[in-house]
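Reader: I've got a model open and I'd like to learn how to read it. Can you walk me through a few features?

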Amino acid sequence: MELGMIGLGRMGSNMAQRLLRGGHRLVVYDPVPQAVQSVVKHGASGAKSISDLVAKLSPPRIVWLMVPSGEATESTINSLASELSQSDIVIDGGNSYYKDSIRRAAFLSQRGLIFLDIGTSGGVWGLEEGYCLMVGGDARAFKIIEPIIQTLSPSPDKGYGYVGPSGAGHYVKMVHNGIEYGLMQAYAEGFELLQAKKQFNLNLLNIAEIWRYGSVVRSWLLDLTTRALEEDPKLASIDAYVEDTGEGRWAVEESIELSIPVPVITESLQARFRSRQDRPFGARLLAALRQQFGGHAVRKA
């Protein structure tokens with residue numbers, strides 16, 4: 001099949017390469033010309049602008065976006081709305097907020113365009129291992145693009161599916177990422193507990209390797225833990241600063257809106273916030289209060 005792709009960051013570039021390997025014809029655009037050229041060398045046709053990309057595709061067109069959520073996605077969709085023709089399909093494969101996806105689907109529908117929101121998981125490993133794809137939007141459009149999805153997924157019958165109407169794909173991906181936060185936090189806390197027991201001089205890499213086989217806590221994240229410890233056993237080269245993409249926040253906000261308790265996801269998000277603070281004020285206030293009421297000693301900065 002023929003499609004256009006906008007956004008050639010690492011994940012977008014890897015997805016483009018996988019599609020090219022699968023025999024699809026691809027026209028690509030990114031504001032950074034070098035990003036376009038890095039995919040053109042694998043067989044794609046490059047475009048100099050969104051207008052140029054649209055012109056190089058035969059109708060009915062399929063355009064897949066892999067751009068940052070928020071304003072970048074918004075402006076790209078607005079540009080496409082003025083360039084595309086009736087029955088063309090726009091796919092947002094990024095980490096957009098599901099309520100934005102519902103609004104964008106309605107906006108494009110008024111112009112005769114079809115919108116699909118696809119939650120995409122797989123990270124930097126997707127090029128070789130395939131991507132997990134959660135599709136929301138028009139069910140008929142999903143059937144049209146299914147050959148593309150099958151190429152991107154781990155196998156033609158696994159790792160993808162249609163999950164519901166507009167917004168559902170990004171909603172499912174939001175919850176997926178919330179679960180991911182909790183799993184990662186549990187591994188981080190457990191391995192810190194192991195590392196702190198100096199009495200036993202535990203080999204964390206050895207333990208991770210043991211747990212990878214037969215254990216109830218084995219997982220791909222544990223495989224990646226092993227990989228990280230192989231590269232840097234004491235993680236001395238890594239700062240304790242953890243970003244978030246926004247999806248964990250949205251999951252917590254949704255839990256409040258639905259009155260559904262998600263304490264593990266919430267706490268894992270809070271832990272990421274704490275990781276970014278240098279000498280956090282709250283911790284210093286705790287120390288000051290102990291000194292005030294009990295005369296406890298404090299460490300001076």
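This is a predicted model: local features need pLDDT of at least 70, side-chain atom pairs count only at pLDDT 80 or more; totals for chains, interfaces and linings use all residues.

Reader: Okay, where does Leu 229 sit, and in which helix?

Author: Look at helix H10, residues 220–231; Leu 229 is part of it.

Reader: Which residues is Leu 229 in contact with, leaving aside its neighbours within four places in sequence?

Author: Phe 191, Leu 204, Leu 205, Ala 208 and Leu 235. Take Leu 205 from that list: it is 24 residues from Leu 229 along the chain, yet their C-alpha atoms are separated by 5.7 Å.

Reader: Which strands does S5 pair with, and in what sense?

Author: On one hand there's S4 (residues 62–65), parallel to S5 over 4 bridges. Within that pairing, Val 90 is the bridge partner of Val 63. S5 also runs parallel to S6 (residues 114–121), again joined by 4 bridges, and there Ile 91 has Leu 116 as its bridge partner.

Reader: And what do the helices between these strands make?

Author: Follow the chain. S4, helix H4 (residues 71–83) and S5 make a right-handed β-α-β unit. S5, helix H5 (residues 98–109) and S6 make a right-handed β-α-β unit too.

Terms used:
Residues are numbered from 1 along each chain as its sequence is written. Side-chain values use heavy atoms; hydrogens and water are left out. Helices (H or I, at least four residues) and strands (E, at least two) are DSSP runs, numbered from the N terminus. Contact means heavy atoms within 4.5 Å. Two strands pair if DSSP finds at least two bridges between them. A crossover is right-handed if, with the strands pointing away from the viewer, the path from the first strand over the helix to the second runs clockwise.
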